[in-house]
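Here is a short briefing for a reader new to this structure. Look over the sequence and the model, then read on.

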Amino acid sequence: LKTHVVRAPVEMLKLSVPSFLYTVQNNLLYLALTNLDAATYQVCYQLKILTTAVFSMIMLQRKFSIQKWAALIMLTIGVSIVQISGSHDTT
């Protein structure tokens with residue numbers, strides 16, 4: 001623990017920023033659950049996967065394969081379609 005936390009503060013900072021943002025996102029999702037219907041909440045929850053991947057790519061300099069990018073793009077398109085169709089149903 002001492003080796004990874006105390007002697008490597010830059011690495012700890014790299015991990016703490018996404019961790020903090022993930023915690024904030026989880027708290028906002030719980031708040032959203034109290035104010036949104038179940039379908040809209042599920043859409044927001046699925047976007048958490050995309051934001052986690054983007055933050056890990058930017059801050060941790062992770063590389064993703066073409067298959068993983070394709071899966072993330074398909075997830076984003078699916079979430080967008082559900083959100084758009086849901087907004088047309090309420091009008």
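In which helix do K14 and E11 lie, and how many residues apart are they? Both residues lie in helix α2, 3 residues apart, which is about one turn of the helix. The model is predicted.

**The salt bridge**

- The structure holds 1 salt bridge.
- K14 forms this bridge with E11. The closest N and O atoms are 3.6 Å apart.
- That distance counts because the cut-off is 4 Å between a Lys or Arg side-chain nitrogen and a carboxyl oxygen of Asp or Glu.
- An α-helix has 3.6 residues a turn, so residues three or four places apart point the same way.
- K14 is partly exposed, with a relative accessible area of 28%.
- E11 is also partly exposed, at 45% relative accessibility.

**Helix α3**

- Helix α3 covers residues 38-60, 23 residues in all.
- From its first C-alpha to its last, α3 reaches 33 Å. This is close to the 33 Å expected at 1.5 Å a residue.
- Several residues of α3 are buried: Y41, V43, K48, L50, A53 and S56.
- S56 is buried and is also one of the residues that line the largest pocket.

**The largest pocket**

- The volume of the largest pocket is about 170 Å³.
- Which helices each supply at least two residues of its lining? They are α2, residues 9-35, and α3.
- The lining consists of P18, S19, L21, Y22, Q25, T51, T52, F55, S56 and L60.
- By type, the lining residues divide into 5 nonpolar and 5 polar, with no charged residue.
- S19, one of the lining residues, is found in helix α2.
- S19 has a relative accessible area of 42%.

- Q61 follows α3 and lies in the loop between α3 and α4, residues 66-90.
- Its phi is positive, about 55°, although Q61 is not a glycine.
- Most residues other than glycine have a negative phi.
- Is Q61 buried or exposed? At 54% relative accessibility, Q61 counts as exposed. The reason is the cut-off: exposed means over 50%.
- S19 and Q61 are 42 residues apart in sequence. In space they are 15 Å apart, C-alpha to C-alpha.

**The aromatic pair**

- The count comes to 1 aromatic pair.
- F64 and W69 form this pair, and the arrangement is edge-to-face.
- Their ring centres are 5.5 Å apart, with 90° between the planes.
- The pair counts as edge-to-face because its planes are over 60 degrees apart.
- F64 counts as buried at 19% relative accessibility, because buried means under 20%.
- W69 counts as partly exposed, at 28% relative accessibility.

Notes
Residues are numbered from 1 along each chain as its sequence is written. This is a predicted model: local features need pLDDT of at least 70, side-chain atom pairs count only at pLDDT 80 or more; totals for chains, interfaces and linings use all residues. Side-chain values use heavy atoms; hydrogens and water are left out. Helices (H or I, at least four residues) and strands (E, at least two) are DSSP runs, numbered from the N terminus. The expected span of a helix is 1.5 Å times one less than its number of residues. Buried means under 20% relative accessible area, exposed over 50%, partly exposed in between (1.4 Å probe, protein chains only). On a 1 Å grid over the protein atoms alone, a cavity is a set of points where a 1.4 Å probe fits but cannot get out, and a pocket is an open set with protein on both sides within 12 Å along at least five of seven lines; lining residues have an atom within 4 Å of a point. Grid points are joined across faces, edges and corners, and a volume is the space filled by probe spheres set on the points. Ala, Val, Leu, Ile, Met, Phe, Trp, Tyr, Cys and Pro count as nonpolar, Asp, Glu, Lys and Arg as charged, and the others, Gly among them, as polar. Rings of Phe, Tyr and Trp (its six-membered ring) pair if their centres lie within 6.5 Å; planes under 30 degrees apart count as stacked, over 60 as edge-to-face and the rest as tilted.
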